[in-house]
Amino acid sequence: MPRNTRMWHPDVFNHVVSRGNNRQNIFLCDRDFIEFFRVLSYTYEKYPFIITSFCLMSNHYHLLLQSPEVPLGKVMRIINHRYGDYFRKKYHYTGHLYEKRYYSELITTPSSMIRVSRYIHRNPINTTTPIVRKLEHYRYSSYVFYKHNQPCPYPFFDTKPLYDCFIYPFLQTKEHYFEYCETNKEDEIELPL
(Lines give C-alpha, C1' and ligand atoms only; values in the text may rest on other atoms or scores of the structure.)
Protein backbone atom coordinates (compact mmCIF):
# COMPACT_ATOMS: atom_id res chain seq x y z
CA MET A 1 0.00 0.00 0.00
CA PRO A 2 1.52 3.38 -0.95
CA ARG A 3 2.30 5.86 1.82
CA ASN A 4 0.47 9.17 2.03
CA THR A 5 2.33 12.13 0.57
CA ARG A 6 3.53 14.51 3.24
CA MET A 7 2.29 18.07 3.15
CA TRP A 8 5.07 20.62 2.73
CA HIS A 9 4.75 24.35 3.16
CA PRO A 10 8.01 26.27 2.79
CA ASP A 11 6.91 28.98 5.26
CA VAL A 12 5.72 26.64 8.01
CA PHE A 13 7.62 24.82 10.74
CA ASN A 14 7.22 21.10 11.36
CA HIS A 15 7.53 19.16 14.58
CA VAL A 16 9.69 16.22 13.49
CA VAL A 17 10.30 13.09 15.58
CA SER A 18 12.31 9.96 14.83
CA ARG A 19 12.50 7.06 17.27
CA GLY A 20 14.75 4.01 17.46
CA ASN A 21 13.39 0.68 16.26
CA ASN A 22 11.68 -1.13 19.17
CA ARG A 23 12.45 2.04 21.17
CA GLN A 24 16.12 1.07 21.27
CA ASN A 25 18.74 3.74 21.85
CA ILE A 26 20.05 5.52 18.77
CA PHE A 27 22.55 7.61 20.74
CA LEU A 28 24.85 5.47 22.88
CA CYS A 29 27.60 7.97 23.77
CA ASP A 30 28.52 11.65 23.49
CA ARG A 31 30.23 11.03 20.15
CA ASP A 32 26.92 9.87 18.66
CA PHE A 33 25.19 13.12 19.61
CA ILE A 34 28.11 15.08 18.13
CA GLU A 35 27.85 13.05 14.92
CA PHE A 36 24.14 13.79 14.65
CA PHE A 37 24.86 17.53 14.82
CA ARG A 38 27.56 17.03 12.17
CA VAL A 39 24.94 15.31 9.97
CA LEU A 40 22.54 18.22 10.51
CA SER A 41 25.28 20.69 9.49
CA TYR A 42 26.14 18.61 6.41
CA THR A 43 22.47 18.48 5.39
CA TYR A 44 22.11 22.23 5.97
CA GLU A 45 24.91 22.85 3.44
CA LYS A 46 22.93 20.94 0.79
CA TYR A 47 19.43 22.16 1.63
CA PRO A 48 19.32 25.12 4.04
CA PHE A 49 16.74 24.82 6.80
CA ILE A 50 16.00 26.42 10.17
CA ILE A 51 15.68 24.65 13.50
CA THR A 52 14.25 26.78 16.30
CA SER A 53 14.00 24.04 18.98
CA PHE A 54 15.60 20.63 19.32
CA CYS A 55 16.11 17.89 21.87
CA LEU A 56 18.04 14.67 21.33
CA MET A 57 17.15 11.90 23.76
CA SER A 58 18.79 8.47 23.95
CA ASN A 59 16.18 6.68 21.82
CA HIS A 60 14.59 9.50 19.80
CA TYR A 61 14.92 13.12 18.76
CA HIS A 62 12.68 16.14 18.28
CA LEU A 63 13.24 18.99 15.83
CA LEU A 64 11.11 22.08 15.24
CA LEU A 65 12.24 22.58 11.67
CA GLN A 66 11.37 24.71 8.65
CA SER A 67 12.58 23.71 5.19
CA PRO A 68 12.02 26.75 2.96
CA GLU A 69 13.73 25.52 -0.23
CA VAL A 70 12.94 21.82 -0.65
CA PRO A 71 10.28 19.44 0.69
CA LEU A 72 10.89 18.30 4.24
CA GLY A 73 11.26 14.70 3.02
CA LYS A 74 14.47 15.54 1.14
CA VAL A 75 16.02 17.03 4.27
CA MET A 76 14.92 14.17 6.50
CA ARG A 77 16.04 11.52 4.01
CA ILE A 78 19.61 12.81 4.21
CA ILE A 79 19.57 13.25 8.00
CA ASN A 80 18.20 9.81 8.83
CA HIS A 81 20.13 8.01 6.09
CA ARG A 82 23.52 9.50 6.96
CA TYR A 83 23.11 9.09 10.71
CA GLY A 84 21.79 5.54 10.19
CA ASP A 85 24.85 4.69 8.08
CA TYR A 86 27.15 6.09 10.76
CA PHE A 87 25.40 4.10 13.51
CA ARG A 88 25.37 0.82 11.55
CA LYS A 89 29.05 1.12 10.68
CA LYS A 90 30.18 2.13 14.17
CA TYR A 91 28.18 -0.50 16.06
CA HIS A 92 28.13 -3.27 13.39
CA TYR A 93 24.36 -2.94 13.43
CA THR A 94 22.14 -4.48 10.76
CA GLY A 95 18.53 -3.72 9.94
CA HIS A 96 16.41 -0.65 10.48
CA LEU A 97 17.69 1.90 12.98
CA TYR A 98 14.36 3.77 13.15
CA GLU A 99 11.04 2.17 14.02
CA LYS A 100 9.30 3.76 11.04
CA ARG A 101 9.26 6.82 8.85
CA TYR A 102 9.79 10.03 10.79
CA TYR A 103 6.72 11.68 12.32
CA SER A 104 5.96 15.26 11.26
CA GLU A 105 3.23 17.72 12.13
CA LEU A 106 2.72 21.14 10.56
CA ILE A 107 2.83 23.95 13.13
CA THR A 108 0.48 26.60 11.83
CA THR A 109 -0.13 29.08 14.67
CA PRO A 110 2.09 31.08 17.03
CA SER A 111 0.58 29.39 20.09
CA SER A 112 1.22 25.93 18.55
CA MET A 113 4.82 26.91 17.93
CA ILE A 114 5.25 27.92 21.56
CA ARG A 115 3.49 24.79 22.89
CA VAL A 116 5.55 22.43 20.73
CA SER A 117 8.79 24.18 21.63
CA ARG A 118 7.91 23.82 25.31
CA TYR A 119 7.09 20.14 24.81
CA ILE A 120 10.44 19.58 23.05
CA HIS A 121 12.42 21.42 25.72
CA ARG A 122 10.70 19.57 28.59
CA ASN A 123 11.66 16.10 27.29
CA PRO A 124 14.64 15.63 29.67
CA ILE A 125 12.48 16.25 32.76
CA ASN A 126 9.29 14.59 31.51
CA THR A 127 10.85 11.14 31.71
CA THR A 128 9.86 8.63 34.42
CA THR A 129 13.01 9.65 36.27
CA PRO A 130 14.07 13.14 35.19
CA ILE A 131 17.50 13.17 33.52
CA VAL A 132 18.32 16.66 34.83
CA ARG A 133 16.98 18.94 37.54
CA LYS A 134 16.91 22.04 35.33
CA LEU A 135 16.11 22.18 31.63
CA GLU A 136 19.21 24.20 30.81
CA HIS A 137 21.45 21.45 32.24
CA TYR A 138 20.59 19.04 29.45
CA ARG A 139 23.39 19.28 26.89
CA TYR A 140 21.53 18.04 23.82
CA SER A 141 18.65 20.51 23.85
CA SER A 142 18.37 24.01 22.45
CA TYR A 143 16.94 25.29 25.74
CA VAL A 144 20.35 26.36 27.04
CA PHE A 145 20.77 28.72 24.07
CA TYR A 146 17.51 30.42 25.01
CA LYS A 147 17.98 30.48 28.76
CA HIS A 148 21.56 31.76 28.81
CA ASN A 149 21.45 33.69 25.55
CA GLN A 150 24.49 31.72 24.39
CA PRO A 151 25.65 31.83 20.81
CA CYS A 152 24.89 28.54 19.11
CA PRO A 153 27.63 26.87 17.04
CA TYR A 154 25.14 25.41 14.56
CA PRO A 155 24.39 27.44 11.42
CA PHE A 156 20.85 26.03 11.12
CA PHE A 157 19.72 27.13 14.61
CA ASP A 158 17.73 30.36 15.02
CA THR A 159 15.81 31.64 18.06
CA LYS A 160 14.07 34.46 16.21
CA PRO A 161 11.16 32.42 14.74
CA LEU A 162 10.13 31.33 18.21
CA TYR A 163 10.47 34.80 19.71
CA ASP A 164 8.37 36.15 16.84
CA CYS A 165 5.53 33.93 18.11
CA PHE A 166 5.23 35.57 21.50
CA ILE A 167 1.58 36.35 22.11
CA TYR A 168 0.43 39.43 23.94
CA PRO A 169 -0.59 39.35 26.80
CA PHE A 170 0.29 35.70 27.49
CA LEU A 171 3.98 35.59 26.60
CA GLN A 172 5.71 38.89 26.03
CA THR A 173 9.30 38.31 27.10
CA LYS A 174 11.96 35.61 27.20
CA GLU A 175 11.41 35.35 30.93
CA HIS A 176 7.74 34.52 30.33
CA TYR A 177 8.81 31.77 27.95
CA PHE A 178 11.28 30.35 30.50
CA GLU A 179 8.57 30.35 33.15
CA TYR A 180 6.20 28.61 30.76
CA CYS A 181 8.78 25.91 29.95
CA GLU A 182 9.82 25.38 33.55
CA THR A 183 6.29 25.22 34.98
CA ASN A 184 4.67 21.86 35.67
CA LYS A 185 1.85 20.77 33.39
CA GLU A 186 -0.79 21.20 36.09
CA ASP A 187 0.15 24.86 36.46
CA GLU A 188 0.50 25.44 32.73
CA ILE A 189 -0.20 28.90 31.38
CA GLU A 190 -3.22 28.77 29.11
CA LEU A 191 -2.39 30.03 25.63
CA PRO A 192 -5.06 30.96 23.09
CA LEU A 193 -5.59 28.54 20.20
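Which residues of helix α1 are buried? In this predicted model, the buried residues of α1 are Asp 32, Phe 33, Glu 35, Phe 36, Phe 37, Val 39, Leu 40 and Thr 43. These buried residues pack against strands β2 and β3 and against helix α2, which covers residues 72-91. An α-helix has 3.6 residues a turn, so residues three or four places apart point the same way. Helix α1 itself comprises the 17 residues 30-46.

Strand β2, formed by residues 50-56, is mostly covered, with six of its seven residues buried. It is joined by six bridges to strand β3, residues 60-66, and the two strands run antiparallel. Within this pairing, Ile 50 stands opposite Gln 66 of β3. Three residues lie between β2 and β3, and the two strands form a hairpin.

Asn 22 lies in the loop between β1 (13-19) and α1. Its phi is near 55°, a positive value in a residue other than glycine. Because its relative accessibility is 69%, and exposed means over 50%, Asn 22 counts as exposed. His 92 is placed in the loop between α2 and β4 (103-107). The phi of His 92 is likewise positive, near 50°, and this residue too is other than glycine. With a relative accessible area of 72%, His 92 is exposed.

Definitions and conventions. Residues are numbered from 1 along each chain as its sequence is written. This is a predicted model: local features need pLDDT of at least 70, side-chain atom pairs count only at pLDDT 80 or more; totals for chains, interfaces and linings use all residues. Side-chain values use heavy atoms; hydrogens and water are left out. Buried means under 20% relative accessible area, exposed over 50%, partly exposed in between (1.4 Å probe, protein chains only). Helices (H or I, at least four residues) and strands (E, at least two) are DSSP runs, numbered from the N terminus. Two strands pair if DSSP finds at least two bridges between them. The expected span of a helix is 1.5 Å times one less than its number of residues. Contact means heavy atoms within 4.5 Å.
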